[in-house]
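Please consider the structure shown below together with its sequence. The paragraphs that follow lead through surface patches, domains, charge pairs and selected loop residues.

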Number of protein chains: 2
Amino acid sequence: MSRIPRIVILGAGYGGIITALRLQKELNYNEADVTLVNKHDYHYITTHLHMPAAGTDHFENARVNILKLIDEFKIDFVKSTVVQIRTQDKKVILEDGTLSYDYLVIGLGGEPETFGIPGLGEFAMNIRSINSVRHIKEHIEYQFAKYKKEPRRTDYLTFVVGGAGFTGIEFIGELADRIPQLCKDFDVDPSLVKIYNVEAAPTALPGFDPELVEYGMNVLTKKGVTFKIATAIKECTPEGVQLADGEFIKSQTVIWTGGIRGNRLIEEAGFEAMRGRVKVDEFLRAPGHDNVFIVGDGSLVISPENRPYPPTAQIAMQQGVVCAQNLVASIRNSSLKGFEYKSKGTVASLGKGEAIGLVGDKKVKGFWAAQVKKLIDIRYLFIIGGIPLVLKKGKFF
Amino acid sequence: MSRIPRIVILGAGYGGIITALRLQKELNYNEADVTLVNKHDYHYITTHLHMPAAGTDHFENARVNILKLIDEFKIDFVKSTVVQIRTQDKKVILEDGTLSYDYLVIGLGGEPETFGIPGLGEFAMNIRSINSVRHIKEHIEYQFAKYKKEPRRTDYLTFVVGGAGFTGIEFIGELADRIPQLCKDFDVDPSLVKIYNVEAAPTALPGFDPELVEYGMNVLTKKGVTFKIATAIKECTPEGVQLADGEFIKSQTVIWTGGIRGNRLIEEAGFEAMRGRVKVDEFLRAPGHDNVFIVGDGSLVISPENRPYPPTAQIAMQQGVVCAQNLVASIRNSSLKGFEYKSKGTVASLGKGEAIGLVGDKKVKGFWAAQVKKLIDIRYLFIIGGIPLVLKKGKFF
């Protein structure tokens, strides 16, 4: 390559934006052309989406304009949707154009995985983007308004969340907090509102400390949530959900948080993938493609215990840092760095002033856990946008 | 009657609440038992409903708790829905009980009249109560959220208002004002939003001064409203409205303001009625029933020009005053007073800072007309609730 190498980053989620920001910092002048491609002109903070979905916070606090994060003199930004990745031609086909690359970073994020459960794709909603959570919030409010017009339809007031993983639990905590206000706003008797959390696994928050899980379930049960654990959803219909235990829950609002898979474009591009996730090499590259890095939900990293790490914001961010280092190293023909995930702990919010989590190996719960959660959120804002972003969005967390 | 006569007032709309408030003032201690029956525990200000429907004001500013208006020591209040009026037994059947009366006041309000146009009853919404306008507001917001999930569905952004009478025109003024904010909130290109006002009559605001109508239509056209005047709606379907001129407007939001009729209970009770409206005698009594008074949308009063007055808040309020006087006179065996409608003028709002109207025989338009409109609204609050109510709700008008 005699000309300047071209780096194209697909997706401005956690992995993509951190890669871009790190490249911006580490690359010298004219060392590479970097182009960031994203469907929207904003980056969104996926770990915060459960709040605008329930309506307990404004969605503006969960998104940041990309041009406020990157330096346009160093990185080009293209707002477009990726249609196809052509590794043989080193090209990316966009909805309205084509980009050539020497190095590609795929950070396209995940898609809901419905495990073939009939109707979930058609009739359930997902917490996955600003548009989807704005839709969920409006949908919930609309159900209250509709109930007041048809007071026999208590199914309008029944809310089913499929999946008791992080997203499901955090959303349910917010929703339970929001219900009293919605009941007041629409003159609805709160005893008519039902919130179900249905999880096929034998426990909520699988893999989490059992004592903390129990604490969390108690908090949410007191807020009015009914748990159906170790109960699979057999089918989702326009009338509600059929559970494997025979019960049918009548509901107009089913929110599926029970599974995530990688982006379908990854499979369509011919990468060997399991549910759209590519088992990347130690340098985060797609096997057989030394110039293609995959970060975030599209990548699969195996732990020393030989289990795949769950796709989280934390791992995507750490990948972004290493991915940028390895891109610079590739360009400079120096040696690449192996990726190793270091868990800094995990905190799940349970609504206002309540959370559970592990910080290092220390269990935290209740009010202090909620403060730690806030700190984690603020730390992220600081990483991507510095003090100004913390001041702009952080106060609302 | 040796015992104290019982007066039952059905409905706490303009006519009913004014009748009750006047009786409360004019009756002596133990002169009569007065019971006010209403479906909700609040009175709503129908002339203000176009604002919460469009979302330009909170619905709380369009309703007042009935127990804050009446004196419970003087008037009983029953929150219930009327099921049947039995004049032969002097009884009213409620959803959860029965009331006997010596004198009855029917102030049950109106219902939408669809003139047999197919689909309007099923698929169009109406501006008629707190519940219905809360539904309209949420419905509109939900369409924006849905559009962002399905960006090909521009019919989500098309709003059709059937009828260019007072309610239609006032609602359209507010809706046009709200659209820019909704577009901002949902990241929607304002040029995609369409508002249609369809009216079968040869003019908007039939019967109103033509110069003012032209002014009003210009104001609204500049705000982005498309008028289809002298164009009937042939059918309303789940996909939109079929117009008589052959055009089909694709829309998920049709709001029908084009007709009003009296309550069906009036016909079911055996009163001679035209579209649920009874041509009352000069004392506001149902013909052949000296103990039944009808006020508001259920009554029909003929003008000296031999045309029925349109059902408005203004006429209902004036009827309430005379009705109360005639109830007192009936009880005291003194002579009744003939009802004569005195128009104090009419002002139609066209959204923020714009209105058209006649005050006496003087035409007003623009900013000053909007101020007059506010004064009319505040005057009403003062009449029913005095200074405290003006201070509580009036500042928002």
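A:Ile387 lies in helix 10 (residues 366-393) of chain A, where helices (H or I, at least four residues) and strands (E, at least two) are DSSP runs numbered from the N terminus. Together with A:Phe382, A:Ile383 and A:Leu391, A:Ile387 makes a nonpolar surface patch of about 400 Å². A patch is made of residues with over 30% relative accessible area and no salt bridge; like charges are joined within 9 Å, and nonpolar side chains (Val, Leu, Ile, Met, Phe, Trp, Tyr) within 5 Å. Accessible areas come from the Shrake-Rupley method with a 1.4 Å probe, and for residues only the protein chains shown count as cover.

This is a predicted model, in which local features need pLDDT of at least 70 and side-chain atom pairs count only at pLDDT 80 or more, while totals for chains, interfaces and linings use all residues. Residues are numbered from 1 along each chain as its sequence is written, chains are lettered from A and ligands numbered from 1 in the order in which they are written, and side-chain values use heavy atoms, with hydrogens and water left out.

A:Lys337, A:Lys342, A:Lys344 and A:Arg379 form a positive surface patch. Lys and Arg count as positive and Asp and Glu as negative, whereas His and the chain ends are not counted; the place of a charge is taken as NZ of Lys, CZ of Arg, CG of Asp or CD of Glu. A:Lys344 counts as exposed because its relative accessibility is 53%; buried means under 20% relative accessible area, exposed over 50%, and partly exposed in between (1.4 Å probe, protein chains only).

How is chain A divided into domains? The assignment gives domain 1 (6-39 + 80-112 + 260-342) and domain 2 (120-256), with bounds that come from an automatic or database domain assignment. The C-alpha centres of these two domains of chain A lie 34 Å apart.

The next topic is the pairing of charges. Side chains of opposite charge can pair when their charged atoms come close. Over all chains, a search of the whole structure finds 50 salt bridges, a salt bridge being a side-chain nitrogen of Lys or Arg within 4 Å of a carboxyl oxygen of Asp or Glu.

One of the salt bridges joins B:Arg134 and A:Asp187, with the closest N and O atoms 3.2 Å apart. This pair crosses between chains, from helix 4 (residues 130-149) of chain B, which holds B:Arg134, to the loop between helix 6 (166-186) and strand 12 (194-199) of chain A, which holds A:Asp187. Are the two partners buried or exposed? B:Arg134 counts as buried because its relative accessibility is 3%, whereas A:Asp187, at 29%, counts as partly exposed. Residues of both chains also take part in a network of salt bridges that links A:Glu60, A:Arg63, A:Arg134 and B:Asp187.

Within chain B, the side chains of B:Glu247 and B:Lys228 meet in a salt bridge at 2.6 Å, N to O. The pair links distant parts of the chain, 19 residues apart: B:Glu247 is in the loop between strand 15 (240-243) and strand 16 (248-250), and B:Lys228 is in strand 13 (residues 225-229) of chain B. With 28% relative accessibility, B:Glu247 counts as partly exposed, while B:Lys228, at 15%, counts as buried. In chain A, A:Asp281 and A:Arg285 form a salt bridge at 3.0 Å, N to O. A:Asp281 is partly exposed, with a relative accessible area of 23%, and A:Arg285 counts as buried at 14% relative accessibility.

Two loop residues of chain A deserve a look at their backbone. A:Asn30 has a positive phi near 65° although it is a residue other than glycine. A:Asn30 lies in the loop between helix 1 (14-26) and strand 2 (33-38) of chain A, and counts as partly exposed at 48% relative accessibility. A:Ala230, which is not a glycine, has a positive phi of about 60°. A:Ala230 is placed in the loop between strand 13 (225-229) and strand 14 (233-237) of chain A, and is exposed because its relative accessible area is 51%.
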